[in-house]
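Thanks for coming. I will take this one region by region, and you can follow along on the screen.

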Amino acid sequence: MLERLSRRMGRKMPTLTPEASQKLLDYPWPGNVRELENALERVLIFSRSETIDAPAL
(Lines give C-alpha, C1' and ligand atoms only; values in the text may rest on other atoms or scores of the structure.)
Protein backbone atom coordinates (compact mmCIF):
# COMPACT_ATOMS: atom_id res chain seq x y z
CA MET A 1 0.00 0.00 0.00
CA LEU A 2 2.82 2.39 0.87
CA GLU A 3 4.52 1.65 -2.44
CA ARG A 4 1.32 2.28 -4.40
CA LEU A 5 0.62 5.56 -2.58
CA SER A 6 4.20 6.74 -3.07
CA ARG A 7 4.07 5.98 -6.77
CA ARG A 8 0.71 7.76 -7.10
CA MET A 9 2.18 10.82 -5.39
CA GLY A 10 5.32 10.74 -7.54
CA ARG A 11 7.60 10.05 -4.58
CA LYS A 12 10.24 7.52 -3.77
CA MET A 13 8.85 5.00 -1.31
CA PRO A 14 10.09 5.79 2.20
CA THR A 15 11.23 3.08 4.57
CA LEU A 16 9.55 2.40 7.88
CA THR A 17 11.61 2.25 11.05
CA PRO A 18 11.08 -0.89 13.14
CA GLU A 19 9.22 1.23 15.71
CA ALA A 20 6.89 2.63 13.03
CA SER A 21 6.22 -0.86 11.69
CA GLN A 22 5.41 -2.08 15.19
CA LYS A 23 3.10 0.88 15.79
CA LEU A 24 1.19 0.03 12.60
CA LEU A 25 0.93 -3.61 13.64
CA ASP A 26 -0.18 -2.81 17.19
CA TYR A 27 -2.99 -0.43 16.21
CA PRO A 28 -6.39 -2.22 15.85
CA TRP A 29 -7.47 -0.19 12.74
CA PRO A 30 -11.16 0.10 13.58
CA GLY A 31 -11.72 1.90 10.28
CA ASN A 32 -10.16 -1.07 8.50
CA VAL A 33 -8.08 -0.69 5.35
CA ARG A 34 -9.37 2.80 4.54
CA GLU A 35 -8.11 4.15 7.84
CA LEU A 36 -4.68 2.59 7.27
CA GLU A 37 -4.53 4.00 3.76
CA ASN A 38 -5.50 7.47 4.99
CA ALA A 39 -2.85 7.35 7.74
CA LEU A 40 -0.13 6.39 5.27
CA GLU A 41 -1.27 9.01 2.78
CA ARG A 42 -1.11 11.73 5.47
CA VAL A 43 2.40 10.66 6.43
CA LEU A 44 3.48 10.94 2.80
CA ILE A 45 1.91 14.38 2.47
CA PHE A 46 3.36 15.86 5.65
CA SER A 47 6.76 14.15 5.75
CA ARG A 48 9.46 14.67 3.17
CA SER A 49 11.85 12.29 4.89
CA GLU A 50 12.98 9.04 3.27
CA THR A 51 12.28 7.29 6.57
CA ILE A 52 8.98 7.17 8.42
CA ASP A 53 9.38 6.95 12.18
CA ALA A 54 6.82 6.21 14.89
CA PRO A 55 6.18 9.86 15.88
CA ALA A 56 5.27 10.65 12.24
CA LEU A 57 2.42 8.20 12.53
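Trp29 sits in the loop between helix 2 and helix 3; helices here are DSSP runs of H or I with at least four residues, strands are runs of E with at least two, and both are numbered from the N terminus. Before going on: this is a predicted model, where local features need pLDDT of at least 70, side-chain atom pairs count only at pLDDT 80 or more, and totals for chains, interfaces and linings use all residues. Residues are numbered from 1 along each chain as its sequence is written, and side-chain values use heavy atoms, with hydrogens and water left out.

Back to Trp29. Its phi is positive, about 50°, although Trp29 is not a glycine. Asn32 is another non-glycine residue with a positive phi, about 65°. Asn32 belongs to helix 3. Asn32 counts as exposed because its relative accessible area is 51%; the cut-offs are under 20% for buried and over 50% for exposed, with partly exposed in between, using a 1.4 Å probe and protein chains only.

Now the aromatic rings. How many aromatic pairs does a search of the whole structure find? It finds one. The partners are Tyr27 and Trp29, edge-to-face, at 4.5 Å centre to centre and with 75° between the planes. For the criteria, rings of Phe, Tyr and Trp (the six-membered ring for Trp) pair if their centres lie within 6.5 Å; planes under 30 degrees apart are stacked, over 60 edge-to-face, and the rest tilted. Tyr27 is partly exposed, since its relative accessible area is 37%.

Trp29 also brings us to the core. Which residues make up the largest nonpolar core? There are nine: Leu2, Leu5, Leu24, Trp29, Ala39, Leu40, Val43, Leu44 and Ile52. A core in this sense is a set of buried Ala, Val, Leu, Ile, Met, Phe, Trp, Tyr and Cys residues joined through side-chain atoms within 4.5 Å. At least two residues of this core come from helix 1 (2-8), and at least two from helix 3. Helix 3 gives the most, four residues. As background, nonpolar side chains tend to be buried together in soluble globular proteins.

Take Val43 from that list. Setting aside residues up to four places away in sequence, Val43 touches Ile52, Ala56 and Leu57; contact means heavy atoms within 4.5 Å. Ile52 is also among the contacts of Thr17, which, leaving aside neighbours within four places in sequence, are Thr51, Ile52, Asp53 and Ala54. Thr17 lies in the loop between strand 1 and helix 2 (18-26). Is Thr17 buried or exposed? Buried, because its relative accessible area is 16%.

Next, charges. The structure holds four salt bridges, each being a side-chain nitrogen of Lys or Arg within 4 Å of a carboxyl oxygen of Asp or Glu. I will go through some of them.

Glu3 pairs with Arg7, with the closest N and O atoms 3.5 Å apart. Both lie in helix 1, four residues apart, which is about one turn of the helix. Glu3 is partly exposed, as its relative accessibility is 48%, while Arg7 is exposed at 56%.

Arg4 and Glu37 form another bridge, at 2.8 Å from N to O. This one links distant parts of the chain, with Arg4 in helix 1 and Glu37 in helix 3, 33 residues apart. Arg4 has a relative accessible area of 39%, so it is partly exposed.

Lys12 and Glu50 are a further pair, with 3.6 Å between the closest N and O atoms. Lys12 is in the loop between helix 1 and strand 1 (15-16), Glu50 in the loop between helix 3 and strand 2 (51-52), and they are 38 residues apart. Both ends are exposed: Lys12 at 64% and Glu50 at 55%.

Last, the surface. Met9, Ile45 and Phe46 make a nonpolar patch of about 320 Å². Patches use residues with over 30% relative accessible area and no salt bridge, joining like charges within 9 Å and nonpolar side chains (Val, Leu, Ile, Met, Phe, Trp, Tyr) within 5 Å. The areas come from the Shrake-Rupley method with a 1.4 Å probe, and for residues only the protein chains shown count as cover. Phe46 is in helix 3 (residues 32-46). Phe46 counts as exposed because its relative accessibility is 71%.
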